[in-house]
Amino acid sequence: MVHFSPQIDDNAFVSAAYLLFFVPHVVKQPIFRFINTLKKKFSPELKSGAHRIPAMEKSMAPILEKERPDQGQLLYNKDKRIAYLQTLEEILIEEQPFLTKGYSIKDLSDDTGIPAHHLSCLINKEYQMNFQNFINFQRVEYVKSQIQLEEWKQLSLEGMAWQAGFTSRTTFFRAFIKNTGKAPSYYLGETHQKV
């Protein structure tokens, strides 16, 4: 019986390394450039010269009377937009569904009666956030509003996160820093010093 033992010379090794590392990089870069070019070409915000406003610098209650320049690109008309925003705001204020752990866009759709794809579009266009960031923003605002209450002063940071609907300490910290620019413990210390 003849045994075959494959031999790899240095040239084959270099060729394999070249194919594994260099070719994907060469292929990926033009594809990403092409995608970014398409985004710029078809993005209504960039066409009109409007720039996105960071969520922290903007009120959560959008101006209902103001019509956005990209209104024609939405899935719904102006009247529905106003009705959707009012319904969404009422549900968020009265029922605070974001305090439910694992709350999803389907749950919000069921609570508001707004189709999930319309909700997603509404949140993206009006608040410049995706759904999860929007819910986390609501949770952080809730923590900030409750932090002075006596029963909340007894809670640990994990307890506060749990009360606000967060499922992990890490998610709470990231969301808090993203929306306030400060770690929860630092913010808490500052708040108690002001009182």
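Visitor: On what basis are the values given, and how is the model numbered?
Guide: This is a predicted model, in which local features need pLDDT of at least 70, side-chain atom pairs count only at pLDDT 80 or more, and totals for chains, interfaces and linings use all residues. Side-chain values use heavy atoms, with hydrogens and water left out, and residues are numbered from 1 along each chain as its sequence is written.

Visitor: What is the mean pLDDT of the protein chain?
Guide: pLDDT is the predictor's confidence in each residue, from 0 to 100. Over residues 45-67 it stays under 50, and 60% of the residues of the chain reach 70 or more. The mean pLDDT of the protein chain is 76.

Visitor: What percentage of the residues in the protein chain is buried?
Guide: Buried means under 20% relative accessible area, exposed over 50%, and partly exposed in between (1.4 Å probe, protein chains only). The protein chain has 195 residues, and the buried share of them is 32%.

Visitor: What share of the contacts with a separation of 6 or more joins residues 24 or more positions apart?
Guide: A contact means heavy atoms within 4.5 Å. Of the contacts in the protein chain with a separation of 6 or more, the share from residues 24 or more positions apart is 60%.

Visitor: What distance separates the end C-alpha atoms of H3?
Guide: Helix H3 covers residues 78-94. The expected span of a helix is 1.5 Å times one less than its number of residues, so the 17 residues of H3 should span 24 Å. The model agrees, since the end C-alpha atoms of H3 are apart by 24 Å.

Visitor: Within what arc do the buried residues of H3 fall?
Guide: Arg81, Tyr84, Leu85, Leu88, Ile91 and Leu92 are buried in H3. Seen down the axis of H3, these buried residues line one face of the helix, because they fall within an arc (taken from the directions from the helix axis to the C-beta atoms) of 135 degrees.

Visitor: Which residues are exposed on the other side of H3?
Guide: Ala83, which also belongs to H3, is partly exposed, with a relative accessible area of 36%. The residues on the other side of H3 that count as exposed are Asp79, Ile93 and Glu94.

Visitor: Which residue makes a side-chain polar contact with Glu126?
Guide: A polar contact is a pair of N or O atoms within 3.5 Å; within protein, one must be able to donate a hydrogen and the other to accept it, and residues adjacent in sequence count only if both atoms are side-chain atoms. Glu126 is placed in helix H5 and counts as buried, because its relative accessibility is 0%. At 2.8 Å, the partner of its side chain is the side chain of Arg81.

Visitor: What is the length of the polar contact between His118 and Tyr84?
Guide: His118 is buried, with a relative accessible area of 10%. The polar contact that joins the side chains of His118 and Tyr84 has a length of 2.8 Å.

Visitor: What is the phi of Gln96?
Guide: Gln96 is found in the loop between H3 and H4 and is partly exposed, at a relative accessible area of 29%. Although Gln96 is not a glycine, its phi is positive, at about 45 degrees.

Visitor: Which residue just after H9 takes a positive phi?
Guide: Helix H9 comprises residues 169-180, and its buried residues include Phe172, Phe173 and Phe176. Just after H9, a positive phi of about 80 degrees is taken by Gly181.

Conventions. Helix = DSSP H or I, 4+ residues; strand = E, 2+ residues; numbered from the N terminus.
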